[in-house]
Amino acid sequence: MIRPMLGEAWLAMGANRLRTALTMLGMVIGVGAVVIMLAIGQGAQYAVQQTISTMGSNLFIVLAGSFTTSGVRSGSGGGPTLTVGDAEAIAELDGVANVAPTHQGSRQLVYGAQNWSSQVIGTTPAYLDARAWSIVNGAGFGDSDVRSATRVAVIGKTVAENLFGDEDPVGKTLRIQQSPFLVVGVLGAKGQNLDGRDQDDTVIIPLSTAQRKVFGTPFLGSVRMIMVQADSAEAMERTMAATTALLRQRHRLREDMPDDFFMRNLSAAAESEAATTRTMSILLGAIASISLVVGGIGIMNIMLVSVTERTREIGIRMAIGARQRDILSQFLLEAVMISFAGCLLGLLLGIAIALAINLFTGMVVVISGTAALLAFAVAAGVGIFFGWYPAQKAARLDPIEALRYQ
Amino acid sequence: MADAVIRVAGLGKSYQTAAGEFPALRGVDLAIAAGEYIAIMGPSGSGKSTFMNLLGCLDTPSAGDYWLAGENVATLDKDALAVLRNRTLGFVFQGFNLLPRMSLQDNVALPLVYAGVDKATRRARARVLLERVGLGKYAESLPNRISGGQQQRVAIARALVNAPRLILADEPTGNLDSHTSEEIMRLFGELNGDGITIVLVTHEPDIAEHAKRQVRFLDGRIISDHLTGAAP
Ligand SMILES: Nc1ncnc2c1ncn2[C@@H]1O[C@H](COP(=O)(O)OP(=O)(O)OP(=O)(O)O)[C@@H](O)[C@H]1O
Ligand SMILES: [Mg+2]
């Protein structure tokens, strides 16, 4: 039954090519829009996931807070409230994997005739572990370097490229604030962070060296920030609470006094960023779906016209024995075929445009099989949904009335 | 009559018009036995087409009863009526009513599609019937490539394709010249010779002469019913 009908639907579609093509165009645009929007949305999600995975997992940071001296409160990170001792104490807590006290700032780097401004991070070797940051060339520095404040540096990929060009940086000496530093290693590439900053534009040096030679901290042993990595996502909350309790105790804060430090859950921030992109991609898809509905209405419109035009044909078919369901399926099949053909073209067009967007703007796009399948399911659904009413109308015609129709 | 293919009793049909209800048929009683060949005559507007449409299960009566092959048609649902139109009877129209986009062969085979017959059989049956009406060589042509007389023969082939017991034809020669009309009537004569019951409407007495029995309508009633050759 369905096979001869496919042929007939094909004939009917071919009978008025321009009209069929224009009707299909609605579906092509609808499906194309959905495919492009999904590709862009999923691309954005993928990019965020990628960034999050370069950040390191289960991280939170403790920032030195404001302290009050004679009624004047300093801003966050401004006070000497956190110390290397605090970091060492946090490391003793249960559920803590890595603790890295850091002090960072932007500084001018010089190598030969080249100079380059970059983020300088003074920290301990635990920092690289916490951020799961590998060394691709040379080696990192050790705890002994921190203890004896050696002038060694590990540099990011961007710094290596801009300062050293084609040269191998390892073993070369660069200058930060007039002080010479021996480059011992080059870090693996991480790309942008969530704020869009290039994470590879970084120089990492021992914390003690940074404080003495680069930042010149007045309070030796104090740090601006401590990065803490918990054992697991489940341990995050517990570890943060324990850290708060520990620091309040170490800082001898009374019950009624506010914390003199801030804590920020980096992993949670990343999660919320991921959720935002997820929402955005759903929104994009939803907006694009509206054009799919418009395409569906186009199909319905044309099918209604077609039923009216072919009233006599319907009458003839009924006169020679077509049942209502035969007429219904004939028109439904036609609607679904238009929808499907439009969907297929829309899919190809959408993929082509998504790839072109990627090619010309560098925006990440992800074309997934699921999205394609979804588009097809939706097209079939649209065909059946919007084809149903006209087909029903055709099937309900009275044979004699239909035959009399001129 | 036990072997009546068609029996109607008190059959009536009224149309709703702007001027109110118009009775096109006012109580028709008729029995048609298997193998009969009947011509229905009468002036324009006497209700012949109305009657044929009721016999063909295309329309429903407003009064009376209709038994087709022993079944009371009023008790059947739309699908069952469609099956009757498909298998039990074949309808031939004045205007041929072929589907213009389909080849003659596909036109003839279309009732078989609705009967759920497979493709090879459909093709073979359609071929046989096109040969039967002398148009085998036009099987792949479209209807607009052949003459009116040929189109009507194709329409008859389509009516015959499901081997019905009954052919209903409403002015089958109405659009044809006298020569082609003769060809069509010869075809009906052969079919009746094969045992198929034929009911046809015509205005022309010499066409009606081909039938074995003549029924005359006037103002929605039967006014005469006699065998051909016998005095009215
Ligand atoms: N659908 C309709 N609505 C209203 N009146 C109708 C309808 N069909 C037929 N009639 C009327 O019913 C009467 C009988 O019509 P019918 O078509 O049966 O006549 P007929 O005998 O076939 O005439 P003709 O020889 O011209 O074909 C006519 O007066 C016609 O005007
Ligand atoms: Mg008539």
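**Entry 1: a helix in chain B.** I began with helix H3 of chain B, residues 104-114, and found that 10 of its 11 residues are buried, so this helix is largely enclosed by the rest of the structure. I note here that the model is predicted, and I read every entry below with that in mind. The buried residues of H3(B) that I listed are B:Leu104, B:Gln105, B:Asn107, B:Val108, B:Ala109, B:Leu110, B:Pro111, B:Leu112, B:Val113 and B:Tyr114. Just after H3(B) I looked at the backbone and saw that B:Gly116 takes a positive phi of about 80°.

**Entry 2: nonpolar cores.** Which residues have the most contacts inside the largest nonpolar core? I found B:Ile6, B:Val8, B:Ile40, B:Phe51, B:Tyr66, B:Leu68 and B:Leu168, in a core of 77 residues. The element that gives the most to this core is helix H11 of chain A, residues 324-361, with 10 residues. I then followed B:Leu168, leaving aside its neighbours within four places in sequence, and found it in contact with B:Ile6, B:Met52, B:Leu55, B:Gly56, B:Leu89, B:Gly90, B:Phe91, B:Val92 and B:Val199.

**Entry 3: the largest cavity.** The largest cavity has a volume of about 70 Å³, and its lining takes in residues of chain A, A:Ala319 and A:Ile320, together with residues of chain B, among them B:Arg85, B:Asn86, B:Pro111, B:Arg158 and B:Asn162. Helix H2 (78-88), strand S6 (89-92) and helix H5 (148-160) of chain B are the elements that give two or more residues to this lining, and S6(B) gives the most, with three. B:Leu89, which I had met as a contact of B:Leu168, is also one of the lining residues of the largest cavity. By class, I noted seven nonpolar, three polar and two charged residues in the lining of the largest cavity.

**Entry 4: the second largest cavity.** About 60 Å³ of space lies in the second largest cavity, and the residues I found lining it include A:Val35, A:Leu38, A:Gln42, A:Leu347, A:Ile351, A:Ser368 and A:Ala372. Helix H2 (17-55), H11 and helix H12 (369-395) of chain A each give two or more residues to this lining, with H2(A) giving the most, four residues. The lining of the second largest cavity divides into nine nonpolar and two polar residues, with no charged ones.

**Entry 5: the largest pocket.** I put the largest pocket at about 620 Å³ of space; of the 25 residues that line it, the closest to its centre are A:Met55, A:Asn193, A:Asp195, A:Arg264 and A:Leu266. The elements of chain A that give two or more residues to the pocket lining are H2, strands S1 (59-64), S6 (114-123) and S13 (225-230), and helix H9 (266-309). H9(A) gives the most to this lining, with four residues, and the lining as a whole divides into 13 nonpolar, seven polar and five charged residues.

**Entry 6: the record for chain A.** Where does UniProt place the feature "transmembrane region" in chain A? The unreviewed entry gives residues 21-41, 282-307, 328-357 and 363-389. Checking residues 21-41 of chain A against the model, I found 100% helix and 0% strand, with the end C-alpha atoms 29 Å apart. Residues 363-389 of chain A are 78% helix and 0% strand, and there the end C-alpha atoms are 42 Å apart.

Note on methods: Residues are numbered from 1 along each chain as its sequence is written. Chains are lettered from A and ligands numbered from 1 in the order in which they are written. This is a predicted model: local features need pLDDT of at least 70, side-chain atom pairs count only at pLDDT 80 or more; totals for chains, interfaces and linings use all residues. Side-chain values use heavy atoms; hydrogens and water are left out. A nonpolar core is a set of buried Ala, Val, Leu, Ile, Met, Phe, Trp, Tyr and Cys residues joined through side-chain atoms within 4.5 Å. Buried means under 20% relative accessible area, exposed over 50%, partly exposed in between (1.4 Å probe, protein chains only). Contact means heavy atoms within 4.5 Å. On a 1 Å grid over the protein atoms alone, a cavity is a set of points where a 1.4 Å probe fits but cannot get out, and a pocket is an open set with protein on both sides within 12 Å along at least five of seven lines; lining residues have an atom within 4 Å of a point. Grid points are joined across faces, edges and corners, and a volume is the space filled by probe spheres set on the points. Ala, Val, Leu, Ile, Met, Phe, Trp, Tyr, Cys and Pro count as nonpolar, Asp, Glu, Lys and Arg as charged, and the others, Gly among them, as polar. UniProt positions are given in the numbering used here, feature names are shortened, and annotations may be inferred rather than shown by experiment.
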